[in-house]
Amino acid sequence: MLLTAIDRLAHAQDQLLAANDLDINQLENGLASLWARGGDYGDLYFEMTTRDTWSLERGKVARAAFSISQGIGARAVTGDNTAFAYSSDISPKALGAVTAAARAMQSQGQNSGETGRGVAIKPVGQDSKAYSTMEAAGGMDTIQKVALLRKLDDMARAVDPRITEVNAQLAVEDSTILVSATDATLAGDVRPQVRLNLSVVAEGNARRASGSAGGGGRFTLDEFDQQSLEKLVRKATSVALTNLQAIPSPAGEMTVVLGNGFPGVLLHEAVGHGLEGDFHRKRESVFNGMMGERVAAPGVTVVDDATVPGARGSLNVDDEGVMGQRTVLIEDGRLVGLMQDKISARIMNDRMTGNGRRQSYSDLPMTRMTNTFLENGPYDPQEIIASVRNGIYAVEFSGGTVDITSGQFNFSAEQAFLIEDGKVTAPIEGATLIGVGNEALKHISMIGNDLEMGIGFCGKNGQTVPVCVGQPTIRMDQVVVGGGGA
């Protein structure tokens, strides 16, 4: 059952306010207190999150944990200066303490000189239905959760006798948040999140190789059906078994075909972070001053979309109470938009895009991606591979590093193959893609029609949030590849 914004707000008020002897009047008084010494903006963020995690190793439950975290964060902003205080207690006393602490810190910095103002908050008017608000477990009890992991273990081992180790992990999270702000914002959300991970080890020919796969999003646990489990098993075991036969990767400048789905992490890291508004207002992005200019090849359209139904990075409202949105960042190769939180949007005189995110109540919100992807193009994936005389096909990535200011990136392929005369041939290991994000986009020459989303975590300034990355199969020319052979 999908609830409206008013339903979600009512639930948040019941769980976070009424249950702790708080009401709207106290929120308005707290916000007025944040403004008591003047300032541009202030907000209060309430959160309660439950997490249930299970891990199965060698067919047995290795770890199980359940936790509850809750608290309040209070923020007072003047210009580009922020005062922030938080408490793990939700109560009238805690509310008074965090607002007083934030106000006191604010008074030590630059002050606008204005006196305090009254605040009247009201519900955010629009509605979003990016995900269900029922509990993430979907009614599954402990026995059923363990049975799901054991089923995944059995399926992976049945693929091939060379699969010698299987680890499966399950995480179930339910988070309820409420945001009130001096700009009259009042918004609540109930956010389910499930994740299922599988990692395997294959042994053969005196070699060991590993493979992994993950799935999940803002839906219920019982939506992991037979088909989705088979997909996870197929991906993880394929990577491990293939890499048992891998030969050293060639090195040099060459054509690279990137697979669909999680290889979009290259786009996320090498390009996405550089299009976050806070990096632009601080002039730390390689894309500074390039609005309207061509930064990618024709046909390249990059989008951040918090409204994708059930996706891991989707948000009905962000952590500043702004509705989740679809934001076009690059359109047909030209830079047309940035992701913005409230503070960056105000300072840059830009529109808010619903990209204000925080790891928890004890962290400050900042501009963050949600579901970031390259849109489909006109080509069949096999047509793209057939167009390459000699190159490599990078199917999966394991990770990499990026410098936001210069745009330089370095990504390692977890599963890759040679392409010879338009055909995928030998598996290779040690392939590393090296380049500069805004330049690499200009070398995309073919875009497939098989867009797929991959799931992951995004780290920034010590905070981690759930995201999706994605792309169709693409061909990139003149890519520098560092490899394990000549």
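Select C468 to begin: at 3% relative accessibility, C468 counts as buried. Here buried means under 20% relative accessible area, exposed over 50% and partly exposed in between, with a 1.4 Å probe and protein chains only. The model is predicted, and local features need pLDDT of at least 70, side-chain atom pairs count only at pLDDT 80 or more, while totals for chains, interfaces and linings use all residues. Residues are numbered from 1 along each chain as its sequence is written, and side-chain values use heavy atoms, with hydrogens and water left out.

Next, select C458, which counts as buried because its relative accessibility is 1%. The structure has zero disulfides (a disulfide is a pair of cysteine sulfur atoms within 2.5 Å). For C458, the nearest cysteine sulfur is that of C468, 12 Å away. Seen from C468, the nearest cysteine sulfur is that of C458.

Move to T372, in strand β15 (residues 371-374). Strands (E, at least two residues) and helices (H or I, at least four) are DSSP runs numbered from the N terminus. T372 counts as buried, at 1% relative accessibility. Beyond residues up to four places away in sequence, T372 touches V302, V303, D304, C468, V469 and G470; contact means heavy atoms within 4.5 Å.

Two strands pair if DSSP finds at least two bridges between them. β10 runs antiparallel to β15, with three bridges, and pairs with β11 in the antiparallel sense over four bridges.

Now show the largest nonpolar core, which has 43 residues. Such a core is a set of buried Ala, Val, Leu, Ile, Met, Phe, Trp, Tyr and Cys residues joined through side-chain atoms within 4.5 Å. V256, L275, I330, I392, F397 and L433 touch the most other members. Elements supplying at least two residues each include β9 (252-258), α6 (265-272) and β11 (326-331). Select L433: leaving aside neighbours within four places in sequence, its contacts include V256, I392, F397 and V480.

Apart from this core lies another, of 33 residues, including M140, A209, F224 and L241.

L241 is also one of the buried residues of α5, as are L229 and L232. Finish on helix α5 (residues 226-243): its 18 residues should span 26 Å at 1.5 Å a residue, and the end C-alpha atoms are 26 Å apart, which agrees. The expected span is 1.5 Å times one less than the number of residues.
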